[in-house]
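Dear colleague,

Please find below the structure I promised to pass on to you.

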Amino acid sequence: MSEEAAGAIERDVLAEGERLVGLAAAGGVPLRLLGGVAIRLRAPGGLPETLTRTYPDLDFAAGKKSTARVTAFFREAGYEAQVAFNALNGKERLLFLDDAHGRQVDVFVGTFRMSHGIPLADRLEVDSKTIPLAELLLTKLQVVELNEKDVLDVLALLYGHAPGEADGETINARRVAELCADDWGLWRTITANLAFCRERVDAYGLSGRGASELSERVDALLERLDREPKSRGWRLRAKIGERKRWYEVPEEVVGGP
């Protein structure tokens with residue numbers, strides 16, 4: 001990476017996300033965008049204004065055992081490593097700062113882990129810039145208590161991409177269903193949040209056709225999750241239900257996808 005490239009942090013967060021992905025690809029660093037910026041960049045033809053928001057930070061996924069390479073990459077790209085945090089958490093998560101623009105970069109290593117764990121390491125090669133659409137959706141829906149930005153991002157993703165049975169420009173509903181069918185807790189959170197997002201569709205002033213299509217896509221995902229055969233572990237955990245907490249309580253970290 002040249003000194004010129006290393007010092008050229010973009011003011012615009014979308015442009016900076018693309019810059020970093022391009023530099024990572026050129027350097028062979030296993031790095032893919034996730035979070036709101038990834039969803040915005042994957043939106044075909046843009047988004048209705050009511051489904052856009054500001055994106056203060058950047059979020060990435062990296063391959064397993066890539067901590068040293070990722071740390072060196074971001075330092076060369078002009079970022080400051082959060083040394084204490086990274087020393088404690090580097091096998092799973094890394095933080096870097098761009099002080100000039102007040103921006104944080106959060107890197108999930110191997111697995112996205114907050115309320116639930118979403119495996120990513122074996123799926124980084126599916127798309128060249130971002131994690132796959134299925135995982136983009138899961139990383140948003142796995143939050144036990146959705147906030148407004150999460151709802152916006154879920155609906156923005158579904159606005160531009162229909163559920164399907166493969167990766168690419170459709171949301172791989174088979175992948176979502178398989179992960180949920182093996183983990184009752186994840187299924188419980190994902191299905192509840194999909195239902196909540198469907199209730200919120202009409203709040204964003206979309207055209208009648210746009211709103212109805214969003215609702216249909218949510219329903220299609222729920223139906224696909226419902227008919228996926230459940231594992232024995234899922235069925236056993238389902239008997240316990242909500243009597244036992246089914247999600248993790250992540251440590252508070254500034255920022256988030």
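**What was found**

Leaving aside neighbours within four places in sequence, Thr71 is in contact (heavy atoms within 4.5 Å) with Leu94 and Phe96. Please bear in mind that this is a predicted model, in which local features need pLDDT of at least 70 and side-chain atom pairs count only at pLDDT 80 or more, while totals for chains, interfaces and linings use all residues. Residues are numbered from 1 along each chain as its sequence is written, and side-chain values use heavy atoms, with hydrogens and water left out.

Thr71 sits in helix H4 (residues 67–76), where helices (H or I, at least four residues) and strands (E, at least two) are DSSP runs numbered from the N terminus. With a relative accessibility of 12%, Thr71 counts as buried, a term that means under 20% relative accessible area, against over 50% for exposed and in between for partly exposed (1.4 Å probe, protein chains only). Helix H4 itself lies across E1, E2, E3, E4 and E5, and runs at about 5 degrees to E4; axes here are lines fitted to C-alpha atoms, for helices over the stretch in contact, and angles run from 0 to 180 degrees between N-to-C directions.

Those 5 strands form an open sheet with mixed pairing, in the order E1-E2-E5-E4-E3, two strands being paired if DSSP finds at least two bridges between them. Strand E1 (31–34) and strand E3 (80–81) stand at the edges with a single partner strand each, so one side of each has no neighbour in the sheet. Strand E4 (residues 93–98) and strand E5 (residues 103–109) are antiparallel partners over 6 bridges, and Asp98 has Arg103 in E5 as its bridge partner.

Glu16 belongs to helix H2 and is buried, its relative accessible area being 0%. Helix H2 (residues 13–27) lies across E1, strand E2 (58–62) and E5, at about 20 degrees to E2.

Finally, a word on the cysteines: a search of the whole structure finds 0 disulfides (pairs of cysteine sulfur atoms within 2.5 Å). Cys180 is in no disulfide, and the nearest cysteine sulfur, that of Cys197, is 14 Å away, which is too far for a bond. Cys180 is buried at 0% relative accessibility, and Cys197 is buried with a relative accessible area of 0%.
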